[in-house]
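I opened this entry to keep track of what I looked up in the structure. My notes follow in the order in which I made them.

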Amino acid sequence: MTEITTLLQIFIWGLTAGCIYVLMAVGLNMIFGVMKVVNFAHGEIMMLGAFASFGLYYYTGLNPYFLMLFSMVIIGVFGVMIERFGFRKVLGTGKLNEIFLSLGLIYILQNAAVKLWTDDIKKINSPYSSMTLDLGVLNITYDRIIAIAFTALILICLYLFLIRTDVGRALRATSQNHEAAMLMGVNVNHMYMLSFGIGAALAASAGTVHAILSPFNPYMGTIPGIMAFTVIIIGGLGSIPGAIIAGLMLGLVQNFTIFYFGGAWKEAVAFVLLIIVLVIRPTGIFGEEH
Amino acid sequence: MTVRELVGKYAVSSYSAYLLLVMIGLALPLVITDDFYNRIIILTFFYIMFSTSWNLLAYSGQASLGHAAFLGIGGFASTILIINGVTPVLGVFSGALAASLVGLFLGIICVRLKEWFLGLVTFGFAIIMAAVVNELSVFIEAINGILSAVGLSGNMDPHMLGGSLGIYSPDIVSRAQYYYLFFFAMVGTILASHLVIRSKIGFAFAAIRENQAEAGMMGVDITRYKLIAFMISTFMAGFAGALFAPYNYFINPEIFSIHNSFMPIIMTISGGIGTIGGPIIGALVINILWEQMGLWGMSIDRQLILGVILVLEILFLPKGLMPLIKKITDKVAGTTSRDMPL
């Protein structure tokens, strides 16, 4: 019985870890789909999201889940600025320049954060941190349930936005064909800014969830950033369903690996998974030929 | 017809400039006897080797964002071999070979990937190496224990370059020896890079970089040349790392850090990507700037400044300092620029 309980517990941990990856990877994929840019500094934007929530929480003391919405708006606007004054300038001057720009951003954001907030470890205390849902065989903390439910909610909202609204339709059109979208009267530059903003806001929510579940410092974003890249390659670059499935899968695989083989292999297993997918199916599980 | 015309104005000015630099390099230890500056020069030579290695891979159109991985593999492999009694020369070359084999493995995975994908995989690879090695810290402590014991010859001064680098100096007696070791290693690396770029292989690299599909149609074996680029470049990076770790009597997982992956990129871009001279100039300028900022007591600030420099260069100076320097040397030597890597 305890066997099953432990396995279920790990399953829940894996699912919450996967939710963070999903939020990151869906944002990255939106940006890639629309702009054909992979933002290497996405992990650092996530870290800024965690700090924005932390700052709001520190000064107001309100419920962090409520403050997360404000943090998402702040970081979303910040993402729009990065697109407007950074990536927009080098768009079309060669893929390498875009890559190097996002590398520069990693350095700037990470070190600016250390400069502003030091690299001491911080934590956002959730009002539900001591509450658990007792299911008889296992206990799940409310924070993990909220993380999973919140991710599901965000994904549903995003889906409805993309499918039902005109702006969402314009975003999808830009992602499918720039020129055609432009000819149909879509302001492609606005779509770039919007996709970057949504991506950054999703990263901010991932950062906040991460900051509530575990302690953090300005270097927190690097590993989740890498994992999100792994997720989008496994799932297929540009594919949102692929990102969701691959994100949850990676979270589960990692947590079971920790249980069976130890923490050292947590990152390595992601890489092994990545290599297997790249060898068998280079476009990812749901990817299309580019 | 004079010899000058025969060889070509470009070649004369460029080769004589390099010859002059080599002469200066050979004579430098006679002038600079200070251990601190000696160390910084050796560090610059190391970064020139590392940047040259990165530049060669970028020359074939493959920009690695995790070159620190190969540096670290070379460093760890050579260290383990040397402390187990392998002769240093064999140990260093085996370390480089180990990095090259891992490079080949990663190259095979990446061969079908372009730009972003390649960046993602190499970037992730270095960070995952760091994370895995971090978990094996007991093993690293053991290495450092043996390494400092092996290197201890009575007068080790652990405070020479300050704690910012976290590294220990070798014994004072061998200062000039280490200088010449790194100097010749650097000259060898640059020469090798020059020969590769000027050879048929180099033309294939450039063709693949400019237009892979067309290069393939012209009969360039893309897979083969991409893997060759990976193997040569990672061998050079591993070689640099394999020399560096025993020189420091110290190695830790920090060698895989983003910072180390990032340095050759900013150095090469500062100098001029895709040129022989670019990594040299860039490594010189950035490393001196970096050390000077360290002397001013900056730690986080200098990393921040480096990031700002990179972003500004991408936006306003994407070709680096090389075109500027070329203009000056052309003026001095009275030659005209030719569209070739200096």
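I began with residues 151-173 of chain B, where pLDDT stays under 50. For this stretch the model has 30 contacts beyond four places in sequence. I keep in mind that this is a predicted model, and that pLDDT is the predictor's confidence in each residue, on a scale from 0 to 100.

I then looked up confidence for the whole chain. Chain B averages a pLDDT of 80, and 82% of its residues score at least 70. For the model I noted an ipTM of 0.83 and a pTM of 0.84.

Next I went to the contact between the chains. How many residues does each chain put into the contact? I found 33 residues from chain B and 35 residues from chain A. On the side of chain B that touches chain A, the elements giving two or more residues are α6 (115-135), α12 (258-271) and α14 (300-316) of chain B. Of these I marked α6(B), which provides the largest share with 13 residues. I also sorted that side of chain B by class: 26 residues are nonpolar, four are polar and three are charged.

I turned to one helix of chain B. Helix α4(B) covers residues 68-83 and has 16 residues. From its first C-alpha to its last I read 22 Å, close to the 22 Å expected at 1.5 Å a residue. Is α4(B) mostly buried or exposed? I count 15 of its 16 residues as buried, so the helix is largely enclosed by the rest of the structure. The cut-off here is 20 or more other C-beta atoms within 10 Å of the residue's own. Just after α4(B), I noted that B:Gly85 takes a positive phi of about 95°.

I finished with the fold of chain A. I listed eleven helices and two strands in chain A. Along the sequence the pattern reads α-α-α-α-β-β-α-α-α-α-α-α-α. I wrote down a span of about 60 × 50 × 35 Å for the C-alpha trace of chain A along its principal axes. Why do I call the radius of gyration of chain A in agreement with a compact globule? A compact globule of 290 residues would have a radius of gyration near 19 Å, and chain A has 19 Å, which agrees.

Two more values for chain A went into the notebook. Buried residues make up 51% of its 290 residues. Among contacts with a separation of 6 or more in chain A, 74% are between residues 24 or more positions apart.

Technical notes:
Residues are numbered from 1 along each chain as its sequence is written. Chains are lettered from A and ligands numbered from 1 in the order in which they are written. This is a predicted model: local features need pLDDT of at least 70, side-chain atom pairs count only at pLDDT 80 or more; totals for chains, interfaces and linings use all residues. Two residues are in contact if their C-beta atoms, placed from the backbone, lie within 7 Å. Helices (H or I, at least four residues) and strands (E, at least two) are DSSP runs, numbered from the N terminus. Ala, Val, Leu, Ile, Met, Phe, Trp, Tyr, Cys and Pro count as nonpolar, Asp, Glu, Lys and Arg as charged, and the others, Gly among them, as polar. The radius of gyration is taken over C-alpha atoms; the globule rule is 2.2 Å times the number of residues to the power 0.38. A residue is buried if 20 or more other C-beta atoms lie within 10 Å of its own, exposed if 12 or fewer, and partly exposed in between; C-beta atoms are placed from the backbone. The expected span of a helix is 1.5 Å times one less than its number of residues.
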